[in-house]
Amino acid sequence: EPVSRLRDFVVDGTLTLSLQQYIELVLANHGDVQVAKLNVYSQENQVQAALSPFDPSFTASFDTTRGQTPSQDNLQGGDIVSSLNQVGRAQFGKTFDTGTDLNANFSTSRNSNNRSIATFNPSLRETFGVNLSQPLLRGRGRSIQRIPYLVARVQLDRSREQARQQIIALLARAEIQYWLAVQQRESLEVQRHNLNLAQTSL
């Protein structure tokens with residue numbers, strides 16, 4: 001795991017960094033590296049978005065209605081007619097990369113009341129339907145439907161390569177700067193040593 005704080009390498013007031021540790025700090029903190037990563041993440045999201053038209057969908061609903069009305073005649077079974085209506089619905093949809101659209105729906109209803117003359121109480125009703133459509137000319141075939149996905153994949157590969165080239169160039173510059181700093185430190189040590197020798201000979 002890259003270390004992102006310089007003070008993690010400070011021992012007794014002295015900063016000591018190996019080349020590997022310096023590279024880890026550059027990768028963890030340099031703004032260009034973070035921007036390059038964000039560009040790649042953005043293109044990965046575009047790939048997922050290009051596949052979203054092929055995601056299945058499912059919806060469901062349930063409704064219930066209760067009512068009470070004054071009785072109109074004695075055949076209705078009481079002074080107050082009570083009714084209960086319940087309806088449930090479910091729908092599934094899926095678009096395939098061949099251009100085929102599949103839609104299936106199911107619904108069920110239940111009706112009940114306190115009327116004495118009702119033949120079926122409660123009464124049940126269920127319906128089921130399937131709709132399948134396939135373009136025969138324009139818009140058919142995987143090569144047409146997958147064009148947005150293929151374009152997004154190409155852009156993702158390009159962004160990854162650009163990020164790789166940017167990070168390689170950044171690390172190359174960082175390594176040069178590291179060895180320049182080492183060279184300058186050693187040169188400073190030599191100058192200090194020569195100064196000490198000159199002072200001793202006086």
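This is a predicted model: local features need pLDDT of at least 70, side-chain atom pairs count only at pLDDT 80 or more; totals for chains, interfaces and linings use all residues.
**Helix packing around H2**

Let me start with the contact in which Val-33, Ala-36, Asn-39, Val-40, Gln-43, Glu-44, Gln-46, Val-47, Ala-50 and Leu-51 of H2 meet Pro-148, Tyr-149, Ala-152, Arg-153, Gln-155, Leu-156, Ser-159, Arg-160, Ala-163, Gln-166, Ile-167 and Leu-170 of H4. Sorted by class, the residues in this contact of H2 with H4 are 13 nonpolar, six polar and three charged.

As for the geometry, H2 covers residues 31-51 and H4 covers residues 147-201, and the two helices pack with their axes 9 Å apart, at an angle of about 170°. Because angles over 145 degrees count as roughly antiparallel, H2 is described as roughly antiparallel to H4.

Glu-44 sits in helix H2 and Arg-160 in helix H4, so that the pair, 116 residues apart, links distant parts of the chain. The structure as a whole holds six salt bridges.

Now let me turn to the other neighbour of H2, which is helix H1, residues 19-29; the axes of H1 and H2 come within 5 Å and cross at roughly 55°, which means that H1 is oblique to H2. Here Val-26, Leu-27, Ala-28 and Asn-29 in H1 meet Gly-31, Val-33, Gln-34 and Lys-37 in H2, and by class this contact has four nonpolar, three polar and one charged residues.

Finally, a word on the surface, where Leu-6, Val-10 and Leu-15 form a nonpolar patch that has, taken together, about 260 Å² of accessible area. Leu-6, for its part, lies in the segment before strand S1, which is made of residues 10-11.

Conventions: Residues are numbered from 1 along each chain as its sequence is written. Side-chain values use heavy atoms; hydrogens and water are left out. Patches are made of residues with over 30% relative accessible area and no salt bridge: like charges are joined within 9 Å, nonpolar side chains (Val, Leu, Ile, Met, Phe, Trp, Tyr) within 5 Å. Accessible areas come from the Shrake-Rupley method with a 1.4 Å probe; for residues, only the protein chains shown count as cover. A salt bridge is a side-chain nitrogen of Lys or Arg within 4 Å of a carboxyl oxygen of Asp or Glu. Helices (H or I, at least four residues) and strands (E, at least two) are DSSP runs, numbered from the N terminus. Axes are lines fitted to C-alpha atoms, for helices over the stretch in contact, and angles run from 0 to 180 degrees between N-to-C directions. Angles under 35 degrees count as roughly parallel, over 145 as roughly antiparallel, 65 to 115 as roughly perpendicular and the rest as oblique. Contact means heavy atoms within 4.5 Å. Ala, Val, Leu, Ile, Met, Phe, Trp, Tyr, Cys and Pro count as nonpolar, Asp, Glu, Lys and Arg as charged, and the others, Gly among them, as polar.
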